[in-house]
Amino acid sequence: MSVRTRVAPSPTGTPHLGTAYIALFNKAYAEQQGGDFILRIEDSDAARSSKQSETDILDALKWLDLSWDEGPDIGGSYGPYRISERLRIYEAHANELIQSGGAFRCFCSQERLDDLRREQQRRSETPKYDGHCLALSASEIQRRMDAGESHVVRLRVPETGDCTFTDQIRGEISIPWQQIDMQVLVKSDGFPTYHLCATVDDHLMGITHILRGEEWISSCPKHVLIYDYFGWQFQELFHLPLLRNTDQSKMSKRKNPTGINYYRDRGYLPEALLNYLATMGWSMPDEREQFSYAQFTENLDLIRISPRGPVFDIEKLDWLNGCYIRDLSNDEFQTRVVSWAGNSERVEKIVSMLQERTERFDQVLPQVEYLLGDRKPIDKEDLAHTSLSEEDVLKILDFATRTLESASTWRSDEIGVALRQTAEICGYKVRDFVAPLFVALSGRKVALPLFDSIEVLGLELTRARFRSAIEILGGISNKKLKKLDKEWTTLTQT
RNA sequence: GUCCCCUUCGUCUAGUGGCCCAGGACACUGGGUUUUCAUCCCAGCAACAGGGGUUCGACUCCCCUAGGGGACGCCA
């Protein structure tokens, strides 16, 4: 049987490094084995998924040269490759599970579930469904369905014993069934959840090896169970370690640039980034650290993946990227710098605000220095403001980041509207509110218009600069963060 | 809190019972080359989490403890 692997990102945000990391290993392994690598879009959460995000993710993977043999854009013989286009398949499978007793309908109200959860937490138990609707008779279920009562479909989970499965990297893993919740497989709106989609699709798409993030280990029993109920052959499992922040926690955008586009926009070479990702949890047999994708594919041995979560070290990535850049011929270097800097979309945006501020061409570069180059170093004093306390400045930087993260369209006018609104609801004058943002973004007191600059720099770079400014002010403690979370929720709800 | 996973220099890692008083790389420090800087070269710093076993012998196998991480959603 030919090897088939997949990566299944959910289009709910900007392209993530973790997706690239997982995609890299999946693709390389499939290629090495003469198999196929599949891209599937996991858009089962209709509310959070967006077409834009999907496009961005596909583009980012293409930038890294992580192309796929089958996917939503190019099709393939196991399609469609978007969850949202396969709803009938899941419906049929959910019904089959209900028939066979592997799943059941649950009519419990949100209130009952909330109460249950609270009670279980109070008793320090793992919160999970108590099986209330398991006791419903067939006629009762039929009556409530006929009455149009809203309900979900849940997975039936054994009450005793352990679920044992093998992770090829870690060995045998046993998890007590007691720990496993009776997972919702079909939501009350009729949409399937991840667990149903992923298992059904992996089987139907003939996936033979699953390489995914370690965070999925604890939901393996659910998947094992679904496969058992259907009588399907389970795939070989490989759980790759989670990329970590410097403090060892799971890599997150709050502490690290996690967006693929951040690395693209700062001028990392895709082959260098890929090479670096390949050294996370894995090493060449001869310990060579600089190697091409082809060499990686040739030497990859999944068993040699280390289960230990590696810290993503930007300093080492910088070194490696430097190696790649110096290896370029002069011609290649020129071509690549120009295509990076001269990204026509970006240049167009810059030109419009630059021209009216220019008397001689030698004034052009100094003005755009912070847009094309790194921001100048700043310190606490630069961020200080006469009518704002340090606390205010921190809050402004944090709330501005949140505002931008929830922006639906990335255009300067809309960014402006959104930021002004945030300033207003927080009770700041717009002029005061934008002052720290100006410094954080440009490293200067005088710069090109703020909202346009933000548009040009993009979310990833902007966020990184705001975050760095926050760090310069001493950072935001967990306690403070919780307070800000709360305040933000209150402010944005009203 | 419960369950699961993990544990070699600050960081990425080599190491599958003797080749290891632990090797490489990044970072850092010192020196050399260079009109400066960078590159490059050389040198240095620095780790087997702790405690018990098993064994002639343990970084490697087993157990316990500690620490770190993850999961516990009608998110994925």
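# Briefing: an enclosed cavity, an RNA-facing surface and selected residues

The count for this structure comes to 1 cavity of 30 Å³ or more. The model is predicted, and the values below are computed from it.

**The cavity**

- Rolling a probe the size of a water molecule over the atoms is a way to show where empty space remains.
- The largest cavity has a volume of about 40 Å³, and its lining is made up of Arg-6, Ala-198, Thr-199, Asp-202, Ile-210, Arg-212, His-223, Tyr-227, Phe-234 and Gln-235.
- Three elements, α6 (194-204), β8 (209-213) and α7 (220-230), each supply at least two residues of this lining, and the largest share, 3 residues, comes from α6.
- By residue class, the lining of the largest cavity divides into 4 nonpolar, 3 polar and 3 charged residues.

**The surface near RNA strand B**

- There are 51 residues around RNA strand B, and those that come nearest are Arg-117, Gly-281, Glu-287, Glu-289 and Arg-308; of the atoms of RNA strand B that come within 4 Å of the protein, sugar and phosphate account for 80%.
- The residues of this surface divide into 16 nonpolar, 17 polar and 18 charged.
- At least two residues of the surface near RNA strand B are supplied by each of α4 (110-122), β6 (171-176), α6 and α11 (314-327), while α6 also contributes 3 residues to the lining of the largest cavity.
- On the phosphate side, an N or O atom in the side chain of Lys-187 lies 2.7 Å from a phosphate oxygen of RNA strand B.
- Two further side chains have a sugar or linking oxygen of RNA strand B as their partner: a polar side-chain atom of Glu-214 lies 3.2 Å from such an oxygen, and an N or O atom in the side chain of Arg-244 is 3.4 Å from such an oxygen.

**Buried residues in helices**

- Cys-197 is found in helix α6, and it counts as buried because its relative accessibility is 0%, where buried means under 20%.
- Leaving aside neighbours within four places in sequence, Cys-197 is in contact with Glu-42, Ser-44, Ile-83, Tyr-90 and Pro-192.
- Cys-197 and Ser-84 are 113 residues apart in sequence, and the distance between them in space is 9.9 Å, C-alpha to C-alpha.
- Thr-401 lies in helix α16 (residues 390-405), and with a relative accessibility of 12% it also falls under the 20% limit and therefore counts as buried.
- With neighbours within four places in sequence again left aside, Thr-401 is in contact with Arg-463 and Phe-466.

**Loop residues with positive phi**

- Most residues other than glycine have a negative phi.
- Asp-65, a residue other than glycine, has a positive phi near 70 degrees; its place is in the loop between α2 (51-63) and α3 (87-100).
- Asp-65 counts as exposed because its relative accessibility is 59%, and exposed means over 50%.
- Gln-248, again a residue other than glycine, has a positive phi near 80 degrees, and is found in the loop between β9 (236-240) and α8 (260-265).

Technical notes
Residues numbered from 1 in each chain as written. Chains lettered and ligands numbered in written order. Heavy atoms only, no water. 1 Å grid on protein atoms, 1.4 Å probe; cavity = no way out; pocket = protein on both sides within 12 Å on 5 of 7 lines; lining within 4 Å. Points joined across faces, edges and corners; volume = space filled by probe spheres on them. Helix = DSSP H or I, 4+ residues; strand = E, 2+ residues; numbered from the N terminus. Nonpolar A, V, L, I, M, F, W, Y, C, P; charged D, E, K, R; others polar. Near = heavy atom within 4 Å. Polar contact = N/O pair within 3.5 Å; in protein donor to acceptor, adjacent residues only side chain to side chain. Buried < 20%, exposed > 50% of the residue type's maximum accessible area, 1.4 Å probe, protein only. Contact = heavy atoms within 4.5 Å.
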